[in-house]
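Biologist: Can you walk me through this one? Start with whatever terms you need.

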Amino acid sequence: MRAFSYILLGLLALTTIHAKRVVYDMNVTYIENVNPDGLKARRVIGINNQWPIPPVVVDYGDTLVMNVHNSLDNPTTLHAHGQFQNGTNWMDGPSGVTQCPIPPNYDFTYEFNITQNGTYWMHSHYGSQYMDGFRMPFIINNPEEPYKYDEDVTITLSDWYHDESEVGLATFLSVYNPTGAEPVPQSALINDNRNTSFEFVPGKTYRLRIINMASFATFYFDIDGHDMDIIECDGVYTERTTVQSLFLTTAQRFSVLVTAKNSTGFNYYMHADMDTVMFDTIPEDLNPNATAPIYYDRKHNNFAPERHIGMASTFDEQVDVIPLEKEAAAPYDHQINLTIDFQVTNDGINRGMFNYIPFIAPKVPSLHTLFSTGEYAMSEEVYGPLSRAFVLKHNDMVEIVLNNLDANNHPFHLHGHVFQMVGRGEGVYDGNTSNVEWFNDNPPRRDTLRVADGGFSIIRFRADNPGVWIFHCHIDWHLESGLAALMIEAPDVVQNTMKLPQAFMDVCEAGNNPATGNAAGKEGLDLKGAPSGIGMPYDGFTAKGKGAMAACIICALIGMASIIWYAFNDPVNTARERMGRPPSRG
Ligand SMILES: [Cu+2]
């Protein structure tokens, strides 16, 4: 009996540890005159009149409740980056994908169970709002932490713009920007500041949780005089791997353990450098590098010699990330080929696209379409011509081949999953395995990867999370321009086992958005009114037309050649020269 009571008590204790409800009330507000780089004050989006927005912190097993009130004059949503949301797909947040946006002056609650450990972040998934500051760390503490450390420190890296993102978007997505040059940030920030500092106590071990919350820039990260042991990558524990430096694309995270020196004789600098290769231009007054002192002793100013590695980093996210829990690459059941490219589409705008179709969100959020269209939900067509929808069978192993034809790296993020990074190579993947570097034994698993310019990456994930998950470039400019696709997992399972909460129907109605039907808000496959028609310019020339064009080009070339010949063999001046007169200026 006594043993039984102890077990009962133990169980009770467990339930109290693991079933806590953590409630955050979040009033999303504009805040005027915020000046994180000391160069220009501007309006930002904060929560409860606070910016930087404090981290959301929970324990594994908790239920997180976020009561959002939208005090902006625009709609909004909130996305918890890296959360699987298994069974709660509607809580994922991307506007037009899983939900209608929250209209101004409206209350909306996000609630979900915490089933993962590690380092995450949250951000608006409506338009380009997160560039304006609506983003914050999201830390999940593990009561059974496999690694030992003394202190937990969160470090955010971000790029900062002096203009609001609407201004940047207007110039970026414009017919006057045919090359698709992205606005270049004005500053690099550590913990949303240029004056951040840290303190180390001799002998202590620190867990640094590094989060790239930038909207564009990849960051290189290193600390003078200190190596770092990677222990976590995007919420996945890794083998303890020592590196001198790291890079993180936007949305990527690492936890590293750093053991402090035994002496306080020196202080050290932490370096976070933006990858300037990504920028089309580098303004003269841009300092792409942020530094933050780590003080062992604030009373002196002896800084250790620099070991600033920055962009010379040899860190390799495919090699240096070794999941602690081993998982071999699984053979795939279903393959998706995605070509990444940027081209001027028939509306005159340079857009990022998968397979030459830009993503433009449908009128009805795709998850609502899934719930409300019966058998049509199994067809890709019903989600709309510009939704890039792929319907996946429950529990299939899905392989995505990403061929990057663009001259820049791109960070791709899959909602609702971590994926295996099974292969990479240069050029275009043609199924010929000879040019692929495979990682079959225990490939890195994470939720965001960098696909190299002019190269390819191959990732795999199990379609074991029924619902609608967006897969997109996490450079916010590129998501806005169309570099996204939808993974529609097991619509039949969703319809048979889940029910969309009423609050998600209500929020559509409150914003005057249709809540049911296909991408156009209609029945069946009548898609008139859904976003459509944007794509590569029509190549309408006939063979005859192309022949005429070729003839024109040849005529023009002959014309130009005769002008050049005439210029070099100027008959008038040759004659004047022969007569000993100066050349004519006519
Ligand atoms: Cu991109």
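Modeller: Two residues are in contact if their C-beta atoms, placed from the backbone, lie within 7 Å. This is a predicted model: local features need pLDDT of at least 70, side-chain atom pairs count only at pLDDT 80 or more, and totals for chains, interfaces and linings use all residues. Residues are numbered from 1 along each chain as its sequence is written.

Biologist: Which residues is Val256 in contact with, leaving aside neighbours within four places in sequence?

Modeller: Leu208, Ile210, Met228, Asp229, Ile230 and Ile231. Val256 is also among the residues with the most contacts inside the largest nonpolar core, which has 134 residues. Such a core is a set of buried Ala, Val, Leu, Ile, Met, Phe, Trp, Tyr and Cys residues joined through C-beta atoms within 7 Å.

Biologist: What percentage of the protein chain counts as buried?

Modeller: 46% of the 586 residues. Buried means 20 or more other C-beta atoms within 10 Å of the residue's own, with C-beta atoms placed from the backbone.

Biologist: Sheets next. What is the order of the six strands in the open sheet?

Modeller: β10-β9-β12-β17-β14-β15, with mixed pairing. Strands (E, at least two residues) are DSSP runs numbered from the N terminus, and two of them pair if DSSP finds at least two bridges between them. β10 (187-190) and β15 (236-243) are at the edges with a single partner strand each, so one side of each has no neighbour in the sheet.

Biologist: How do β12 and β17 pair, parallel or antiparallel?

Modeller: Antiparallel, over seven bridges, between residues 205-212 and 253-259. Tyr206 has Val258 in β17 as its bridge partner.

Notes
Buried ≥ 20, exposed ≤ 12 C-beta atoms within 10 Å, placed from the backbone. Helix = DSSP H or I, 4+ residues; strand = E, 2+ residues; numbered from the N terminus.
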